[in-house]
Amino acid sequence: MTDQYQALIDRCAGLPPLRTAVVHPVQRSVFDAVDDAVAAGLIQPVLIGPAARIRAALAEAGHAPDRYEIVDTEHSHAAAAAAAQMAAAGQVGAIMKGSLHSDELLAAVIHPQCGLRTERRISHAFLMLSKDYPRPFIITDAAVNIAPDLAIKADILRNAIGLWRVLWGPARPNVAILAAVETVNPQMQATLDAAALCKMADRGQIADAVLDGPLAFDNAISLAAAQEKGIVSPVAGQADILLVPDIESGNMLAKQLIFLGGADAAGIVLGARVPVMLTSRADSLRARRLSCALAVLVADARARGVLK
């Protein structure tokens, strides 16, 4: 797990620090992550929010009040709007959540007049590194889309596939579409969506990946479990992306792996014109550093035209 983690951090070594809008950083804890990412050469922060409160938080963290560039705004809502406008104008290349709610930040990112929206629905992806699984894998969506329908799930998948291919392409990832069972049941919407998504992939509507589903979690990550149930699948037991049915199942799965399984997890919001880091005070510094690394790699891929 440490080797996988360090390999991703090392991928950023030849890239310049990503100029990043840190939105409403008015608590000392925000600067633990900011300082760590700056020391690792990953970001160049621009602090956006009430200047007096930001300088007080900097002083509490032991920094000079002019350590980082500050853009003064009246409150958190204005800070989110200013960050989105700066990103749309190309003045910053990424956005990082500070001391405000995720929905407040994302509302500014997706505002029609902001200019950060793409043809895709925005979605969240957790990159997971676990000692109990031989490869890095992505869980999506565990933080943004509450109860996605078929069309939204298709966009969530397209975003996650794009991220995976930025990190490990040009190979195609194996995508497991999760449900409680591995057979199609008309009374379980997740299984119907899984079947439809697989057919969409067959027709080229979802590209650059190998899809299978519905698959229960054990069949997706354990070849032995799949074989015991007689499941013949190129995805079973070796999934690279896990598409969850809804935010509740995804959030619980990701946090169980983090807090009980000791996994490293980096979160990033995809589908906008810049990557968005929804860092949390509950995240470890390792996790927040890895989120910054993902943002650097995604921003670079967009600049090179590799990622839409």
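A pocket here is an open set of grid points where a 1.4 Å probe fits, with protein on both sides within 12 Å along at least five of seven lines. Keep in mind that the model is predicted.

**Stop 1: the largest pocket**

Start with the largest pocket, which holds about 470 Å³ of space. Select Phe 126, Lys 255, Ile 258, Ser 280 and Asp 283. Of the 22 lining residues, these lie nearest the pocket centre. Next, colour the elements that give two or more residues to this lining: strand S5 (123–129), helix H10 (247–259), strand S10 (264–270) and helix H11 (285–303). Now colour the lining by class.

**Stop 2**

Move to the second largest pocket, with a volume of about 400 Å³. Its lining has 18 residues; select Arg 120, Arg 158, Gly 162, Arg 165 and Asp 208, the closest to the centre. Which helix gives the most to this lining? Show residues 150–168: helix H6 supplies five residues. By class, this lining divides into eight nonpolar, four polar and six charged residues.

Stay on Asp 208. This residue sits in the loop between helix H7 (189–202) and strand S8 (210–215). Check the backbone: phi of Asp 208 is near 70°, a positive value in a residue that is not glycine. Asp 208 counts as partly exposed because its relative accessibility is 39%.

**Stop 2**

Select Trp 164 and Trp 168. Both are in helix H6, four residues apart, so about one helical turn separates them. Trp 168 is partly exposed, at 27%.

**Stop 3: the other aromatic pair**

The whole structure has two aromatic pairs. For the other, select Tyr 133 and Phe 137. The geometry is edge-to-face: the centres are 5.2 Å apart, with 80° between the planes. Tyr 133 counts as buried because its relative accessibility is 8%, under the 20% limit. Phe 137 is buried as well, at 5%.

**Stop 4: two cis peptide bonds**

Go to Thr 140 and Asp 141. A cis peptide bond joins them, with omega at about 0°. Asp 141 belongs to the loop between strand S6 (137–140) and H6.

Then pick Gly 169 and Pro 170. The bond between them is also cis, and omega is about 10°. Pro 170 lies in the loop between H6 and strand S7 (174–178). Is Pro 170 buried or exposed? With 73% relative accessibility, over the 50% limit, Pro 170 counts as exposed.

From Pro 170, draw a distance to Thr 20. The two are 150 residues apart along the chain, and 28 Å separates their C-alpha atoms.

**Stop 5: His 24**

Now select His 24, in the loop between strand S1 (18–23) and helix H2 (28–39). His 24 is not a glycine, yet its phi is positive, about 55°. What is the relative accessible area of His 24? The value is 6%, so His 24 is buried.

**Last stop: a charge over a ring**

Finish with Tyr 5 and Arg 286. Arg 286 lies over the face of Tyr 5, at 4.0 Å from the ring centre.

Methods
Residues numbered from 1 in each chain as written. Predicted model: local features only at pLDDT ≥ 70, side-chain atom pairs only at ≥ 80, totals over all residues. Heavy atoms only, no water. 1 Å grid on protein atoms, 1.4 Å probe; cavity = no way out; pocket = protein on both sides within 12 Å on 5 of 7 lines; lining within 4 Å. Points joined across faces, edges and corners; volume = space filled by probe spheres on them. Nonpolar A, V, L, I, M, F, W, Y, C, P; charged D, E, K, R; others polar. Buried < 20%, exposed > 50% of the residue type's maximum accessible area, 1.4 Å probe, protein only. Phe/Tyr/Trp six-rings, centres within 6.5 Å; stacked < 30°, edge-to-face > 60°. Lys NZ or Arg CZ within 6 Å of the ring centre and 35° of its normal.
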